[in-house]
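The entries below follow the order in which I looked.

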Amino acid sequence: MTVTAAPHTWTGRLRGRVQQEFPGDTLLPDRQPIYVASWIYVFGVLTLAALLVVLASGAVLAVAGPQWWHGSGLGHYVNSLHLWSVELFMAFMVIHLWGKFWMAAWRGKRAMTWVTGALCFLGSIGTAFTGYLVQSNLDAQWISTQAKDGLNSAGIGAYFNVMDFGQMLMWHIVLLPSVIGALVVVHVLQVRRRGVVPPFDVGAADRGQAGARP
Amino acid sequence: MTATLVPGRRTHPPVAPTVPWAGRYREYDLVKEFVVALVGVALLTAALAGIFSSPDVPQATLAQWSTAAPADFVLTAAAELDGTSGSATYGAPYNRTPDAAQKLGPVSLQHLAGVTTPISTATDFVVGPLDGTVGDPALKTALGQWHAAPAAQRQAWATAYDEALQAAPDNAAAQVAAGDYGPVPVMLNSLLGLARGGALEGALLLQGRFYRSDYTKPLLFLADGTYLEERARAEHLGGDQWGMMNETGSYPGQAWLWLYTFWYQVKPFSTSDNADVLVWAVMAVLSLGLICVPFLPGVRSLPRWIPVHRLIWRDYYRRSTG
């Protein structure tokens, strides 16, 4: 027997809200407006793909522990995968960000899409930074002893100690990835909810009053 | 359906209409696009990792430092003991040194945050590790003399020896002029031996405990000397070498930190005593600006004024005007 939650329940209200925000094929459409035809659109999905490679390679490093890659050829290769996927991730994201800037992709009630994207960018910089701190090599020693001055000067270092390996490792593999992951999910849902921003100066015939969302 | 455009039209509001798209659609397979992108990125990553690998310049150890540059090591230890080292005079969050904290205008966020990682360099970096040493009668006698002396006497010995080291040729302990240094030369020579034997890292890290993952003390001690900086500069990681965004070797590093690093290279930041907090303030404002682009008049209109979008949507515009 199928039991449908009553609209007045929390479950019913949540379901109603989801159906209202993501009606029909909004989440997984198989067509896009004709203007969605440029290489710049590829960089959003490339960023997502690189993020998955970052997470996967980081997960393998986490399984064997933070010192594994120093004494293992396989570990060093996995570390290399992690490094290069991060480099690609950041490169794709910067191109994606610039593309969205020149499209003024915040138009049409899409401001929060931009805001969550910008937060993802800034959060990713922080996450990558903590990764450099937990390499446990000369680079990590130097970066941590230099970066402390900036963080201390702003009062942040009193609670976010870049020379505390344990604290930085937790931030790098648990806290920051969780925040980035949540932000990315919200960002993608907002993209699907509002659709891809249309070009400037869309002709009258394309600005209809019915049909699917752009 | 063919869309029509009014060339040069600038009468639309700055925010795109939220009305539904009534123009033509094209088939777009999001799932296929994602899978192809994932496979492509994974293969590209595997290739880059295989071809270029990743850097791993071994860590600097206190044993290496004390062996390669014993004079610098002992001089640094003397400064820790008499309270004149960089860490000893740092201020918050390590200790309460008057006027040491950086200020943003009249406000010192560093001072307001307080001392959360209290460090006494004399005790934590020198005397504490030596107190844990056994089997050295000369050191035991020296420590007995040190602990029995009044604080003013201890400070006088430490200061005198630090100044004598600075005046000695090559800062060499063996060439220090004769003077009243009390037990300090014996203590610092024992610390040198402790470091050379590889036991000092553990003493600085563990501080009497079994488990610890906080490397603040050994890193601060290491950074107070010149050995770490010399090794870092050899890897082009110095502050005036855009070091924060560089990586050891010829790897790309954190290129995305270029703007943060840039401010340190130019005045007034490069010559300010408050450079760090000033750079952080600038970056905080710029970061907030990036987040708030949709709400900033002028900035949000740049994409309309500089028509890069004509390139991005050139196919659409060509069809619309064709």
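**Helix H1 of chain B**

I began with the cover over the buried residues of H1(B), and found that it includes H2 and H4 of chain A. Helices (H or I, at least four residues) and strands (E, at least two) are DSSP runs, numbered from the N terminus.

I note that this is a predicted model, in which local features need pLDDT of at least 70 and side-chain atom pairs count only at pLDDT 80 or more, while totals for chains, interfaces and linings use all residues. Residues are numbered from 1 along each chain as its sequence is written, and chains are lettered from A and ligands numbered from 1 in the order in which they are written.

I listed the buried residues of H1(B) as Ala37(B), Val41(B), Thr45(B) and Ala49(B). H1(B) has 23 residues and spans 32 Å from its first C-alpha to its last, close to the expected 33 Å, where the expected span is 1.5 Å times one less than the number of residues. Ser53(B) follows H1(B) and has a positive phi, near 55°.

**Contact between the chains**

I then looked at the whole contact, which takes 92 residues from chain A and 92 residues from chain B. On the side of chain B that touches chain A, Helix H1 (residues 30-52) gives the most, with 12 residues. I sorted that side by class and found 55 nonpolar, 22 polar and 15 charged residues, counting Ala, Val, Leu, Ile, Met, Phe, Trp, Tyr, Cys and Pro as nonpolar, Asp, Glu, Lys and Arg as charged, and the others, Gly among them, as polar.

I also checked one residue on the chain A side, Ala49(A), which is found in helix H2 of chain A. Ala49(A) counts as buried because it has 27 C-beta neighbours inside 10 Å. Leaving aside neighbours within four places in sequence, I found Ala49(A) in contact with Phe34(B), Ala37(B), Leu38(B) and Val41(B).

The chains also pair through strands: E1 (residues 31-33) of chain A and E1 (residues 25-27) of chain B run antiparallel and are joined by three bridges, where pairing requires at least two DSSP bridges. Within this pair, Pro33(A) has Tyr25(B) as its bridge partner.

Leaving aside neighbours within four places in sequence, Phe89(A) is in contact with Thr47(A), Ala50(A), Leu51(A) and Val54(A).

For chain A, the automatic or database assignment that supplies the domain bounds gives domain 1 (39-103) and domain 2 (111-195). In chain A, 11 residues of domain 1 are in contact with 11 residues of domain 2. The largest share of the domain 1 side, five residues, comes from H4(A). The C-alpha centres of these two domains of chain A are 14 Å apart.

**Backbone exceptions**

A cis peptide bond joins Ala92(B) and Pro93(B), with omega about 10°, and Pro93(B) lies in the loop between helix H3 (70-82) and helix H4 (109-113) of chain B. Another bond that is cis runs from Lys267(B) to Pro268(B), with omega near 5°.

Ser136(A), although not a glycine, has a positive phi of about 50°, and I placed Ser136(A) in the loop between helix H5 (111-133) and helix H6 (138-153) of chain A. Ser136(A) counts as partly exposed because it has 18 C-beta neighbours inside 10 Å. Asn171(B), also not a glycine, has a positive phi of about 55°, and Asn171(B) is partly exposed, with 19 other C-beta atoms within 10 Å.

Notes. Two residues are in contact if their C-beta atoms, placed from the backbone, lie within 7 Å. A residue is buried if 20 or more other C-beta atoms lie within 10 Å of its own, exposed if 12 or fewer, and partly exposed in between; C-beta atoms are placed from the backbone.
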